[in-house]
Amino acid sequence: MTENCIERNKRLNTEKKIADFRVKQKLDYDFKIKYAEARAWEFYNHPDVAGNCYVAVGGLDSITLLMFLRKIGINVPAVSVSILEDKSIQSVHRQLGVQALKPLKSKVQVIREFGWPVLSKEIARKISLLQNPSPKNATVRHAIITGETGEYGGYRKNTRMKLSQKWLEKFGGYENENENVNYGKPDFLVSDKCCYYLKEKPCNDYTKESGRFPYMGLMASEGGRREKALMMNGCNYISPGTKRSCPFAIFSRQDLLRLAIELEVPVPEIYGKIEQRNDGTLYTTKAQRTGCSMCGFGIQLEKRPHRFDALWQRDAKEWDFWMNKCCTDESGNTYGWGHVLDYIGVEWRSPEAEFAPEQTMLNK
């Protein structure tokens, strides 16, 4: 009989691994730096890796990782699907000699073919399953609506598989008949596949073609879908199918920014500068996080001016395209993120009102 997830976690000693990881997250900065260096060299020298590595580079976190690795003597190629990043990030990539990869599909193609990257990867994945029902995912769809798992989930109730009531009201309507509920359905698709086609697949292809394995700038403190995986598998994960290193896995955002200052990392303009508040907290004066200009993961958590307001400030024409013109409905009418944001209750109109008068001059 196939073991369920509870039995599997017990066999893998998941609880202890996560507890040990959390202890390391609370240790001081100097320990974390030494730990990151040890893990980076451990991966480099592993017989299954044998120095065949590369650095997957994106924003400030992984730019800092690249410079950290170079400082400790690990000089390996750096690659990025740079075209997805802000122009200021692309400039730093060129400065550091990062090799550019091409995305498998364009941003527009991904949205038109698969759906909108909204709320979070985990939530988008669940909504996508509801929108694409099959006999194979029936148990999972039931869990998304009710929180009740099947055999693999140990027949539990009230699990985290269930969508929050707020999003069930908006997106749960695909199971109204099956579950005897009365939820809503949007007139657009939702998907978590954007990162796969835009970033993950190109990097995976590079891994196969080059025979090299990635260093990645992921941190468990960032949360999201990868958090538990990092806690369970640690900084280095080596298996027959996957080999990767995340030397900064136990870092906090403060650790990362402090290291960036010490390494004199060239901070892309989109982040502004790294400065310190009166209480000692480090922060970037502009964007705290960056990503694709069409990404909506986490937008519902941001206060205005949010990422799309900032996009307007940088490039009003690009903002207009993504908000109003990137897709066409069955009637031939164009629409964009604005329609999606209206549905989930996120304000986006009149971005100029969110900035001081001198800041709006950028788009005049």
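This is a predicted model: local features need pLDDT of at least 70, side-chain atom pairs count only at pLDDT 80 or more; totals for chains, interfaces and linings use all residues.
**Ile344.** I left aside its neighbours within four places in sequence. Ile344 is then in contact with Val118, Leu119, Trp167, Phe171 and Ile299.

**The cores.** Next I looked up the largest nonpolar core. It has 55 residues. Ile344 is among those with the most contacts inside it, along with Trp116, Phe171, Trp337 and Leu341. Which helix gives the largest share of this core? I found helix H11, residues 194–210, which supplies six residues. I then noted a second, separate core of 50 residues. Its members include Leu69, Ile74, Ile89 and Ala260.

**Strand S1.** Then I looked for the partners of S1. Strand S5, residues 213–215, is joined to S1 by three bridges, and the two run parallel. Within S5, Tyr215 is the bridge partner of Val55. Strand S2, residues 78–80, is joined to S1 by two bridges, again in parallel. Here Ala56 has Val79 as its bridge partner.

**A surface patch.** Last, I went to the surface. Val23, Leu27 and Phe31 form a nonpolar patch there. Together they have about 230 Å² of accessible area. I placed Phe31 in helix H3, residues 29–45.

Note on methods: Residues are numbered from 1 along each chain as its sequence is written. Side-chain values use heavy atoms; hydrogens and water are left out. A nonpolar core is a set of buried Ala, Val, Leu, Ile, Met, Phe, Trp, Tyr and Cys residues joined through side-chain atoms within 4.5 Å. Buried means under 20% relative accessible area, exposed over 50%, partly exposed in between (1.4 Å probe, protein chains only). Helices (H or I, at least four residues) and strands (E, at least two) are DSSP runs, numbered from the N terminus. Contact means heavy atoms within 4.5 Å. Patches are made of residues with over 30% relative accessible area and no salt bridge: like charges are joined within 9 Å, nonpolar side chains (Val, Leu, Ile, Met, Phe, Trp, Tyr) within 5 Å. Accessible areas come from the Shrake-Rupley method with a 1.4 Å probe; for residues, only the protein chains shown count as cover. A salt bridge is a side-chain nitrogen of Lys or Arg within 4 Å of a carboxyl oxygen of Asp or Glu. Two strands pair if DSSP finds at least two bridges between them.
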